Amino acid sequence: MTTATTHGGPQLPQERRLVTEIPGPRSRELFARKQSAVPPGIGTTLPVFVTHAGGGVVVDADGNSLIDFGSGIAVTSVGNAAPRVVERVQKQVADFTHTCFMVTPYESYVEVCEKLNGLTPGDHEKRTFLVNSGAEAVENAVKVARHATGRQAVVVFDHGYHGRTLLTMTLTAKNMPYKQGFGPFAPEVHRVPLAYPFRWPTGPENCADEAAAQAIDMINKQVGAENVAAVVIEPIAGEGGFIEPARGFLPKILEFCRANGIVFIADEVQTGFARTGDLFACEDEGIVPDIICTAKGIAGGLPLAAVTGRAELLDSVHVGGLGGTYGGNPLACEAALGVLETIEQEKLVERAAHIGEVMLSRLRALRERVDIIGDVRGRGAMIAIELVVPGTKDPLPAGEIAAKCHAEGLLVLTAGTYGNVLRFLPPLVMPDNLLEEGLSILEKALSGD
Ligand SMILES: *Cc1c(COP(=O)(O)O)cnc(C)c1O
């Protein structure tokens, strides 16, 4: 079976279209091949095999067109095959594909770094270097903080997710599936409470103050502030379930870091690049991190990540102490420049805020009549629903509702420490009619109609 168009990108018909059951026969055939060629450790959210994607849809091998509320986990914020990204990458791939920036440099890498130095929070002197993945960015940020401070301890938070390498899985809070059986873990990592308003024992109004006091007390008593190189925190916990720390919590942690010479590292791998209705989620409370890690939405799906931070921190590392073979690959740099142009020219920061308003108003109304919805939260195009057993806060696993949405042609993702969060990360270029249609499918799945 073939699709109506031969190209991806926003030219793809922006419609939900189901021509087979989900997954269809061709996808099931391919999935059987996947099962014998790829280990099960590489999981699958929805086993439809994609042939094209663009705007707000993904099209599968059976010709079904699904509404995309996932963006490949917050990556294709400018859409799939965004024209400015395609054009730049096509030109670059014909010019040269790689030199290794550490061997013979090229301009696009420098330009991406200049842009990030200018766009990230704070008007202090900054430096940026590029790597391949979010985990690599976080790991490098910790290396820099340790080197610059001469200290070793790293403090992270409950519900945090920072990647799958040895150090970053150690920084990650959740055991299953990220850590189970993969120890021993990296030393000198300490975990403290996060201000999780919905689940704070004494209620959301006390959450910021109490959580910050507990976190700071644990650091002082169990680690010693003078031993801490860095605090690593997501301004909105992503995999943990789109938990927005209670307002006031982040500023208190930042103030503690400043008073004790601790490097404040914001992991904006999921929240960055217009996703939350600000270019970076830290802007919402005026947080100026010492180092900010970015990836996912940075390059329209090409592998790229960045570490941006105070010049005096990044410049403290000796020549040759940072880098990697592929970091800042020229195709990925061109893609990032195309992404930044797209965000600006298509006003995607404002667009993300608009998506958030549409989603929150419909989902909050739904909460009034659907008793399994415990909480509706998030900012911009990063919105989640936390499911509970009616009348309690006991987690209700989100898999069944997600499966109902998938069967109707709406791609949604799950998350959460308790696996009970449905999360929505639509491409910022998704047309309003598709957004509304996706929400209607979701409403039906949640209300059991
Ligand atoms: C996805 C993610 C990472 C890891 O990024 P990879 O590119 O998968 O290595 C780190 N931190 C956060 C907040 C993430 O969402």
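The model is a predicted one, in which local features need pLDDT of at least 70 and side-chain atom pairs count only at pLDDT 80 or more, while totals for chains, interfaces and linings use all residues. Residues are numbered from 1 along each chain as its sequence is written, and side-chain values use heavy atoms, with hydrogens and water left out. Asn420 sits in the loop between strand E14 (413-415) and strand E15 (421-424); helices (H or I, at least four residues) and strands (E, at least two) are DSSP runs, numbered from the N terminus. With a relative accessibility of 0%, Asn420 counts as buried, a label for anything under 20% relative accessible area, with exposed over 50% and partly exposed in between (1.4 Å probe, protein chains only). Gly399 is 21 residues from Asn420 in sequence, and their C-alpha atoms are 7.8 Å apart in space.

Next comes the overall layout. The domain assignment gives domain 1 (3-82 + 348-447) and domain 2 (85-345), with bounds that come from an automatic or database domain assignment. Taken over C-alpha atoms, the two domain centres are 26 Å apart. Across the boundary, 40 residues of domain 1 are in contact with 33 residues of domain 2.

The largest nonpolar core has 93 residues, and Ile265, Leu363, Leu422, Phe424 and Leu446 are the ones with the most contacts inside it. Such a core is a set of buried Ala, Val, Leu, Ile, Met, Phe, Trp, Tyr and Cys residues joined through side-chain atoms within 4.5 Å. Helix H10 (residues 330-345) supplies the largest share of this core, nine residues. Domain 1 and domain 2 each give at least three residues to this core. Apart from it lies another core, of 36 residues, including Phe157, Val228, Ala266 and Ile287. As for Leu422, its contacts beyond neighbours within four places in sequence include Ile383, Ala384, Ile385, Val412, Leu413, Leu442 and Leu446.

On a 1 Å grid over the protein atoms alone, a pocket is an open set of points with protein on both sides within 12 Å along at least five of seven lines, a cavity is a set where a 1.4 Å probe fits but cannot get out, and lining residues have an atom within 4 Å of a point. Grid points are joined across faces, edges and corners, and a volume is the space filled by probe spheres set on the points. Of the 16 residues lining the second largest pocket, Tyr109, Thr128, Phe129, Leu314 and Leu322 are the closest to its centre. Strand E4 (residues 126-131) gives the most to this lining, with four residues.

Asn140 lies in helix H5 (residues 134-149) and is buried, at a relative accessible area of 5%. Cys113, in helix H4 (residues 107-119), is buried as well, at 7% relative accessibility. Leaving aside neighbours within four places in sequence, Cys113 is in contact with Thr128, Phe129 and Leu130.

The structure also holds four cavities of 30 Å³ or more. About 50 Å³ of space lies in the largest cavity, whose lining includes His159, Tyr161, Lys174, Tyr178 and Glu239. The second largest cavity has about 40 Å³ of space, and among its lining residues are Phe157, Asp158, His159 and Leu194.

Most residues other than glycine have a negative phi, and most peptide bonds are trans. The bond from Met176 to Pro177 is cis, with omega near 0°, and so is the one from Gly183 to Pro184, with omega near 5°. Pro177 lies in the loop between helix H6 (166-171) and strand E6 (189-192), and Pro184 is placed in the loop between H6 and E6. Phe273 has a positive phi, near 60°, and is buried, with a relative accessible area of 1%. Ile73, in helix H2 (residues 71-74), has a positive phi near 65° and counts as partly exposed at 34% relative accessibility.

Conventions. Contact = heavy atoms within 4.5 Å.
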